[in-house]
Amino acid sequence: MAGTAPYDHTPSLDSHQDPESKASSVLGQLAPVPYHDLTSSLGSFQDLESKNSNHDRPSIPTSLWAEGGFLGCLTLFGGFVGSFATMGQVTSFGTYQAWYAENQLSAYSPSAISWIGGLQLWVMMFSGGFIGRLFDAYGPTPLLASGTLIYTLSLMMTSLATRYYEFMIAQGFLLGLGAGLVYNPCIAASTARFRHFAGTSSGIVLGGSGAGGAVFPLLLQRLLGTVGFAWAVRIQGFIALACCIIATLTISSPLPKNKNTPWIDTKSFRDTKYMLVCLAYALICLGLFIPSTYIVQYAQAQGLSQNIGFDLLSIMNAANTVGRIVPGWFADKLGRFNLMIPSALLAGISCIALWLFAHDTATLAAFAVIYGLFAGATMGLDVAVTAQISPPENFGTRVGMSYAFMSIPSLVGGPIGGAIYTSQHGGYSGMIVFAAIFNLLGFVFLMAVKLMINRNIFVIV
């Protein structure tokens with residue numbers, strides 16, 4: 001039941017176990033346990049429907065196919081495609097930021113323009129709280145279908161926009177809402193089908209956003225010079241429509257529909273670990289999206305062309321794809337907290353060590369790769385970490401609530417960065433330090449939760 005006292009992922013290997021049993025227990029540490037099983041060892045996997053009748057011990061799936069089967073793998077494919085079209089577009093806002101600054105919205109400051117991208121993220125994430133409840137009650141298909149219509153409409157309206165408020169409505173509010181209705185079910189459905197391989201499955205789905213973030217800037221760069229802004233956005237809209245239709249037809253959830261789940265799980269507010277994890281996510285999001293929002297403009301400020309800036313954003317998002325997929329697989333082996341914590345730390349350090357001193361293409365490309373990898377890993381593991389400390393029956397609600405916590409920082413992070421830039425009269429150092437500090441603060445709170453689960457920092461968590 002929702003609100004049951006949280007379990008601790010503390011390993012408890014019996015010293016009298018035979019080696020084979022110990023090995024099985026160690027492997028069992030790598031996946032979330034049923035929320036109510038307080039006596040379980042760290043991550044002892046239990047299928048939601050059955051147990052091993054001989055030893056009262058659940059069998060551990062050895063592959064994605066063994067756990068999720070055909071429908072599970074089909075859900076991963078649809079989730080990757082849906083994430084490609086939605087979050088991939090959202091993380092590409094840096095291309096629009098640079099374009100608007102020189103064209104339709106040249107009279108506005110970078111901070112004002114970045115509110116459009118911030119509003120996208122806020123609506124997409126804040127709506128996750130409600131979408132998670134609807135996912136629990138009705139499953140993914142109705143959400144995906146309605147999101148496909150709203151998301152496509154938003155891009156078509158953006159292609160016609162000429163004024164600031166029109167961009168705020170079409171590309172800010174409507175695109176964020178449509179993206180949320182598609183993106184959130186992609187994440188929730190994949191993790192619902194893969195409890196043992198939660199890190200791998202969510203990493204694959206989230207990898208779609210990095211792939212989209214790599215493709216859309218390059219596509220927009222080519223189309224702007226050939227067909228103009230309006231048709232460039234419309235073509236991206238048609239691509240998004242096709243991807244979202246595929247996602248709607250392929251994504252499913254094995255969980256029974258539960259219309260009794262509360263819209264807000266108030267009992268989760270008393271779960272200290274969950275609340276600290278949400279706080280860590282929120283702090284990270286204050287700085288996480290600043291590099292992708294401003295790297296194109298930063299490149300131009302260093303004397304590089306806008307096309308090189310677009311290429312750097314694509315490189316960052318391509319590295320983000322790898323950072324979301326590969327660490328997810330390792331996280332299922334080595335522990336989800338164990339991978340997410342150093343990723344947040346290194347994402348922050350890379351801003352100080354590289355971006356702050358990057359004045360040429362090579363150094364900026366190195367920063368784009370390194371930051372993309374670790375920022376991708378940080379956000380690629382958030383759903384898996386939430387799953388690890390959440391009950392299965394209201395998982396969708398908890399994931400949605402965590403995204404709602406992240407929504408406000410995602411809304412204001414970019415504009416705060418732009419305001420710092422303006423206060424420095426075109427200087428970027430303050431913005432860069434700001435992004436680094438909040439990644440590092442997120443690292444501190446994630447480490448606190450890990451130590452609450454087990455004080456041995458070398459234990460798989």
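Student: Does His 425 count as buried or exposed?
Tutor: This is a predicted model, in which local features need pLDDT of at least 70 and side-chain atom pairs count only at pLDDT 80 or more, while totals for chains, interfaces and linings use all residues. Residues are numbered from 1 along each chain as its sequence is written, and side-chain values use heavy atoms, with hydrogens and water left out. Buried means under 20% relative accessible area, exposed over 50%, and partly exposed in between (1.4 Å probe, protein chains only). At 76% relative accessibility, His 425 therefore counts as exposed.

Student: Where is His 425 found, and what is its phi?
Tutor: Helices are DSSP runs of H or I with at least four residues, strands are runs of E with at least two, and both are numbered from the N terminus. His 425 is found in the loop between α17 (395-423) and α18 (429-453). Although His 425 is not a glycine, its phi is positive, at about 55°.

Student: Is Gly 172 buried or exposed?
Tutor: Gly 172 lies in helix α8 (residues 164-193). Leaving aside neighbours within four places in sequence, Gly 172 is in contact (heavy atoms within 4.5 Å) with Ile 116, Leu 119, Gln 120 and Phe 167. Its relative accessible area is 0%, so Gly 172 is buried.

Student: Which residues of α13 make the contact with α4?
Tutor: On the α4 side, the contact is made by Gly 94, Thr 95, Ala 98, Trp 99 and Glu 102. The residues of α13 that take part are Gln 306, Phe 310 and Leu 313.

Student: In which helix is confidence highest?
Tutor: Confidence is given as pLDDT, the predictor's confidence in each residue, from 0 to 100, and the protein chain averages 81. The mean is lowest, at 36, in helix α1 (residues 19-28), whereas the highest, at 95, belongs to helix α7.
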